[in-house]
There are 4 protein chains.
Amino acid sequence: MSANSIGKNIVLTSFGESHGPFVGAVLDGFPSGFTIDLNAINRQLQRRRPGQSALTTSRNEADEVQIISGLFEEKTLGTPITFLIPNTDQKPADYNALKDIYRPGHADALWDLKMGHRDYRGGGRSSARITAGWVAAGALAEQYLGKINDKPINICAWVQQIHTIESNIPNNVTRSNVDESPVRCPDLQTSKKMEQAILDAKENGDSLGGIIRCRISGVPAGTGEPVFRKLQAHISQYMLNLNAVKGIYFGIDNRTHERLGSENNDSWKTKDGALGTESNRAGGIVGGMATGEEITFELYFKPTSTIKKAQRTINREGENVILEVEGRHDPCVLPRAVPIVESLAALAIMDLLMDN
Amino acid sequence: MSANSIGKNIVLTSFGESHGPFVGAVLDGFPSGFTIDLNAINRQLQRRRPGQSALTTSRNEADEVQIISGLFEEKTLGTPITFLIPNTDQKPADYNALKDIYRPGHADALWDLKMGHRDYRGGGRSSARITAGWVAAGALAEQYLGKINDKPINICAWVQQIHTIESNIPNNVTRSNVDESPVRCPDLQTSKKMEQAILDAKENGDSLGGIIRCRISGVPAGTGEPVFRKLQAHISQYMLNLNAVKGIYFGIDNRTHERLGSENNDSWKTKDGALGTESNRAGGIVGGMATGEEITFELYFKPTSTIKKAQRTINREGENVILEVEGRHDPCVLPRAVPIVESLAALAIMDLLMDN
Amino acid sequence: MSANSIGKNIVLTSFGESHGPFVGAVLDGFPSGFTIDLNAINRQLQRRRPGQSALTTSRNEADEVQIISGLFEEKTLGTPITFLIPNTDQKPADYNALKDIYRPGHADALWDLKMGHRDYRGGGRSSARITAGWVAAGALAEQYLGKINDKPINICAWVQQIHTIESNIPNNVTRSNVDESPVRCPDLQTSKKMEQAILDAKENGDSLGGIIRCRISGVPAGTGEPVFRKLQAHISQYMLNLNAVKGIYFGIDNRTHERLGSENNDSWKTKDGALGTESNRAGGIVGGMATGEEITFELYFKPTSTIKKAQRTINREGENVILEVEGRHDPCVLPRAVPIVESLAALAIMDLLMDN
Amino acid sequence: MSANSIGKNIVLTSFGESHGPFVGAVLDGFPSGFTIDLNAINRQLQRRRPGQSALTTSRNEADEVQIISGLFEEKTLGTPITFLIPNTDQKPADYNALKDIYRPGHADALWDLKMGHRDYRGGGRSSARITAGWVAAGALAEQYLGKINDKPINICAWVQQIHTIESNIPNNVTRSNVDESPVRCPDLQTSKKMEQAILDAKENGDSLGGIIRCRISGVPAGTGEPVFRKLQAHISQYMLNLNAVKGIYFGIDNRTHERLGSENNDSWKTKDGALGTESNRAGGIVGGMATGEEITFELYFKPTSTIKKAQRTINREGENVILEVEGRHDPCVLPRAVPIVESLAALAIMDLLMDN
C-alpha cells in the first residue's frame, strides 16, 4: 500500500521524489477536446514555486511544467495527461546531516520505521515539492471549472491569519487582490505585519503557522452526495492530505458550534428563479450538498517543522542528540500553500461534478 | 451516483430510510473466526438510541440489532456481516406538514432538486437514524481493535463543549466516566450546566451545537500512508460525513496554528525501546502517519437544524412561508453523537491497519 | 479482504449464506424516480429458482424478493436498494456428512484453509444460492436499460450446448422462445436431447456442463473505455465471477482466432445515418468500445462439481476417503444460469453506461 | 471517464500515446526495499519490442526504460515507480492517409465518435505500443513474485496455435525453450510452419490470429477471493484489456464444458503435507481460489485488424471508400504478445496476493 492517487472520476496520481529527476502527476479522466492554457498552469506553478520572495525558501526552481501525454494539437485527447516538473536546484549535500537524525515534527523517523528504506535527501515523497504536480493538475481542473457552465466556477484562497496576526478580508476578494501581498493576505496593512513576523521567525531560526481561507463560487446546487460522499467530507479528504494542515472548518466563520439553531439556520429563498438562501452561515453546504451559495472553509496550518533552532531529538540508533538543521526551508508555508489549496479545491469539485 | 459505501479494506455499506422497515449496514472485509460480543454492540446502540433521556428526542426505539449474515456458531465467517435495525416508532403523520415546505438548514430542499423524488417522512437517508447501522458496524470494529495487538487499540470520545459552555477534562478519561453524565461530558459540574442549557433550548424551541473530542490510543506507529491516505485525511473523510459536523482539528488543542515551530514540534525520544515523542501536541500524527502516541482530535457540531421556533423559508413552489415544525427532534445531538464518533473512528483506523 | 461488491457507478454488494435466514444484495447508485416492476423481478427469480423442473435440484424455494430500502411510493429514491430473499427450504442435516470431507471441485477445502472457519451447511457463500440477490438486482438493471434510450437495450441468453450436444439457434431468438424449453435451449428438437442427457446424468449421479450464449442489443456505440475498462474486460470480470464459468469468447462464434484478418474485419458502413458495420463477426466490440451492433459472447460452464458418484478425496485431517454425496444438487446448472448471465450482463452494461 | 488504472493493491496507471514523446506507466503500491534488476526489465521489453525479427512490424524502437521515481540507491522506496519509454522511431507521415478514413476492426472510428478529438498518428492510446509500459511494470512484479515465497511464483506463456496450426507443447516448458522459436512456440517443428504462415500472410497483406497459453506456478492455495474477486475473474479482467484478445479459457484444455462431472473433478489429496489435487483439469482454481496447483489458461487472439489488403469502409463524412493501408504493421501479434501476457499475469497475481 502506498496510495498516491486521489479522486474517483478525475483521478490524480502523484509521483516523484524531491531529489529525483522529476516530480509529476498523471491526471486521468479529463474530458477530450478541451483547449488548455499552458501559461495559466505555469502561472499557478509560479505562485507555488520556491524562491519567489524573501519569505520563502531560497531553493530556486523554474518549475516550468512539461506535458508528455494526453494532448494533441493543444487540445486534450480524453487520455491521461502527464505533467513533469524537473528538479533542478537540488543540493542533497545539505541533507547529509539529516541522514541519521530524526527531525522533530517530520516524517523521516516514520518512513524509516514503516518502509525500512528512505530517500533522506530532502524528504523524498514527504517533501512539499511533490505538490508542484498537484498544482499543475489542479490548475488545469480550474480552467475546466471556469468553462463548464454558463456561470463559471471560481476559486480563490488567501492567507487569513499568520501566527496570532488576524486580518480582515472582504469575502469578494479576487486572486489579483491576493497577489498584491507577498504573504497572499489581501488586507495589505496586516500583510506588512505578517511579512515582518515571517522575517523575524526566519531570523530566529523558527517558523510560523496560520489560517488560509478558501471560497468557491458557482458550484451548482445539489453537488455532493448525501451519505458517504458529502461535499464537506470530499473537500476535507483532499485538504487534510496537504502536509501542514491540522484542521478544517466550513462556514462563514469558525463559530458555528457556538450559535443557536435559530441564529445559525440560513432561510431558504427564491433567488433569480432558483433555490438560494438569505444568509450563508453554512458556507454553501447543507446535508452534504451544495446549496448554490458560495462554499467557504478555512484551514489550520501548523508551523513548519524543519527549523534551524536547536532541538532535542534522537538518531537512527535511538540515542538522544541535539539537532541544528542547516539547509533552505520556508519559515512559513502559507504564502506558497495558497495555490495548492486552490488546486486541491478544483480537483475535489471537478471530481464530484463528474458524478452526474 | 449515490455513494453509500466507505472504506477500502473494511467496507461499510449503509442502507435504509428512517421510515422504511429497517435501517442497516453491510460490513465487508471483516476477518473470519472472530467471536463477536453482541451485547457490546447493543450497548453502543443504546448509547446512540433516541429516547434515552430527557435531553434527546422522544422518538423511542429499542434499537436491538439483528445480524442476518456473516456469522456461524457465533464466529465471523470472513463474509459480509449484515446488520438490520428495525424502525418501530415511526410517526410519519408528524411529517405531513413538511411534505411541501423546506426546512432551513435541512437537506430536503436539495433532495427534491437533486433526486426529484424524496421520502419526506422524517428525512429518509438524511436522517441521523441511519447512523444506527454505522454504530453497529463500528462497535464490531472496536472489538477487533481491542484484540488485534498485545496493546489494545482503545477509543474514547466525549462532549467537550456545548454552545459556549467549555469543560475541563483530563485526557485519560474513560468511557464509564463519560457515561456518568447524561450529556456525555465527564466534567460533572460543567455537565450540569450543559444539561440545563439543553433543556432551556428545548423549552425555547431552539437547538445547540458544540465540540466532541476523541482520543484513540494504541495505534501502531506508521499507520496511515504518507501521501493521499494520510491518517488525518482518512479520519476526516469519515467524520465529515457525519451530518452536523462542520469541522475537525487534530492535536492537543485547536491552537497549533498559533504556536511557533519551536513551541510546537514534539521531540522524538526512545520509549520502552520504541519510537515515541516527549510531548504530543501533534495529536499522534506526523507526516500522515501515527507516531504511536495517542491520536486526538476534536469535531465542531452545528446546532440541530430542525427547531420548533418560527422560521422564514419557502415551499416547493418557491413561495415564502413561515415554518413552525412540530415533531420529535433533538435539541442537541452531541450526547448521542459520542458513540457515532467512536464507531467511525474504529472503522477508519481498522481500514488503515488492514493496508498492511 | 473479502470483496463482495462489484461495479463502480452502480455497485452491487452481495451478502448472505445459503443456510442463513436470507441471501440478499444492496444495489447502490440506481437513479431516483424510476417506477419498478416488482413482478418482472420475481419472474427472473422464478427462472433462477431451484425446484422449477425435474432438471434442477429438488430444493424448493419460493424466492419472492423483499425490498427493504430505496423505494417510496413504488419509485426509487436514488438511495441504496436492498433485496432480501428468505432461505426457507434448508435441510442442513443433508450436509452433516460434508462437515469434515472435502468435495472434489468444490471450494470447501479452500475455505477451511483460507478462513479457518466455514459454514459447512450447503456451501455458505460459495453456494449458487447467493446469485438470487444478483438476479434481483440485475432484473432491476434490465428494466432501466429497457427504458433509458429510445432504442431499448435488450438482453437475451440461452443454452447453446449441453455436454457435447450442440444446437443451432438463430441470433434473433427471444426470451419467450428460450422459455419454451425447460433446458432454455430454444432449438426445441435439440432441447429434447439435452433434457434426456441431463436426466441420464442425474440418474447416474453425474453432472454436465455446456455453453450459454448471450446477446445484448441496443448498446450505444462508444460504450466502454479504450484502455483498462474495455467493454469485453468489464463483461468478463462479471461473468467469470459466476461459479461454474471457465471461459468466455466474444464474437459471432468461437473461431475468430482461426480467421484471416481480411476474413474477420467488419467493414464500417453508414446505417440509418449512424455508424455501423456490414458484418458483425466482432460481436459488437472494437477497441474495447461498443460499435452499436449486437454484443455477443459465449460462456463455458464446467459440469457441477457436487455429484453422487463415489469419488476419492480427503477429509479435514488430510486422510484419503471415498465420498458419496447425498443431498439435492443440480445435475446441470445451465438452465438456471441463463437468468444469472442476463442479470450480470445488465449490471455490467449499466455500470459502463453511467460513466458518461 | 477514461480508466487508465488497474489493480487495487498494486495499481498500474498507464499513460502516453504512440506518437507522443513517451509511453509510460506509474506503478503504485510496490513494497519498499526491493532491489530491482533493470536488465531483467529490459529483457522483457526486448521480447515485446517491434523490429525484433522479420515476423514483426519494421518499426524499430530501442525500448530502453527510464525509471524516474520510486528508486533510491537501486532499491525501491515504497513510493510510485514511474517508467518512461521514449518513442523514437515515429513516422507519423505514414498515417496521414488514415486521418479521415476508418480502418475496419480498428478503434479510430469509435474514438472520433466518443471523444470528438483523436491523435490519428498511429492509434494514440489504442496502439499496442502503450503495452511497453505494462511490460516494464509487469516485469518488476515478476521479480517480486520470484522472491516473495520460498517457492517462487513462476510465469511462462507461449504461442500454442497460429491461425489453424496447432502445436503440442509439454506443460513444463521454460521461457528459454519458448525463445528458441521466433514465433515463441516451443514446439520447434510446428514453429517453422507458423513462421512460414506469418510470412505468407505478410506477403499477402493479410494477418493471422491464434492462441497463447499461460502457466503460473507457485501461487499459494487460497489466493483469490470467493465471491467478486475470484482468481479467474481477476485474471480475465487484466487479459481481456489486451487489445486483440477475444476470449479466455481456464484449465488443462478448452474442453471442460464437454466433460462429465465425474471425469472433470480433481480429487483432493495430501501433497508434501499440504493440500493438493491428483489431477489438475481445473487449471489450479476452485471456487475462485488457487488450489496450489499450476494455474493454466489460454487466450484467443483475433488477427491484426490493420492489413494492407484493400477493404471496404467509410471516411469521416460517412462515405463509402476503399482502404489500402500503407505503414508498418504486425502480420501477427502473438509472438510479441507473449511477454505482455506474462506481465499482466504477474500484475494480476501480485494484486491478489497483497489482499492478505
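In the predicted model examined here, Phe72(C) stands opposite Lys75(C) in β7(C), where strands are DSSP runs of E of at least two residues and helices are runs of H or I of at least four residues, both numbered from the N terminus. This is a predicted model, in which local features need pLDDT of at least 70 and side-chain atom pairs count only at pLDDT 80 or more, whereas totals for chains, interfaces and linings use all residues. Residues are numbered from 1 along each chain as its sequence is written, and chains are lettered from A and ligands numbered from 1 in the order in which they are written.

The pair Phe72(C) and Lys75(C) belongs to the antiparallel pairing of β6(C) with strand β7 (residues 75–77) of chain C, which extends over two bridges; two strands are taken to pair if DSSP finds at least two bridges between them. These strands are part of an open sheet of three strands in chain C, with the order β4-β7-β6 and antiparallel pairing. Because β4 (32–35) and β6 (71–72) of chain C stand at the edges, each with a single partner strand, one side of each is left without a neighbour in the sheet. In chain A, three strands likewise form an open sheet in the order β4-β7-β6, with antiparallel pairing. Two bridges join β6(A) to strand β7 (residues 75–77) of chain A in the antiparallel sense, and Leu71(A) has Thr76(A) as its bridge partner in β7(A).

A further antiparallel pairing is found in chain B, where four bridges join strand β13 (residues 268–271) to strand β14 (residues 274–277). The bridge partner of Thr270(B) in β14(B) is Leu275(B). Together, β13(B) and β14(B) form a hairpin with two residues between them, and Asp272(B) in the turn has a positive phi of about 50 degrees.

Helix α5 (residues 188–203) of chain C comprises 16 residues, which at 1.5 Å a residue should span 22 Å, in agreement with the 22 Å between its end C-alpha atoms; the expected span is 1.5 Å times one less than the number of residues. The buried residues of α5(C) are Thr190(C), Ser191(C), Met194(C), Glu195(C), Ile198(C), Ala201(C) and Lys202(C), a residue being buried if 20 or more other C-beta atoms lie within 10 Å of its own, exposed if 12 or fewer, and partly exposed in between, with C-beta atoms placed from the backbone. These residues cover an arc of only 145 degrees around the axis, which puts them on the same side of α5(C); the arc is that of the directions from the helix axis to the C-beta atoms. The cover over the buried residues of α5(C) includes β9 (154–162) and β10 (165–166) of chain C, whereas the face turned away from the buried side carries the exposed residues Gln189(C) and Glu203(C). Just after α5(C), Gly205(C) takes a positive phi of about 65 degrees.

With regard to the arrangement of the chains, a rotation of 180 degrees with 0.0 Å of shift along its axis superposes chain A on chain B with an RMSD of 0.0 Å, the superposition being by least squares on the C-alpha atoms of residues with pLDDT of at least 70 in both copies. The contact between these chains takes 82 residues from chain A and 83 residues from chain B, two residues being in contact if their C-beta atoms, placed from the backbone, lie within 7 Å. The largest share of the side of chain A that touches chain B, five residues, comes from strand β12 (residues 245–250) of chain A. By class, the residues of this side of chain A divide into 31 nonpolar, 36 polar and 15 charged, where Ala, Val, Leu, Ile, Met, Phe, Trp, Tyr, Cys and Pro count as nonpolar, Asp, Glu, Lys and Arg as charged, and the others, Gly among them, as polar. β12(A) and strand β12 (residues 245–250) of chain B pair in the antiparallel sense over three bridges, and Ile248(A) has Ile248(B) as its bridge partner in β12(B).

Chain B can also be laid on chain C, with an RMSD of 0.0 Å, by a turn of 180 degrees and a shift of 0.0 Å along the axis, which is the relation of a two-fold axis. In the contact between them, 34 residues of chain B meet 34 residues of chain C, and the largest share of the side of chain B, four residues, comes from β2(B). Chain A and chain C, by contrast, do not touch, and their nearest C-alpha atoms are 8 Å apart.
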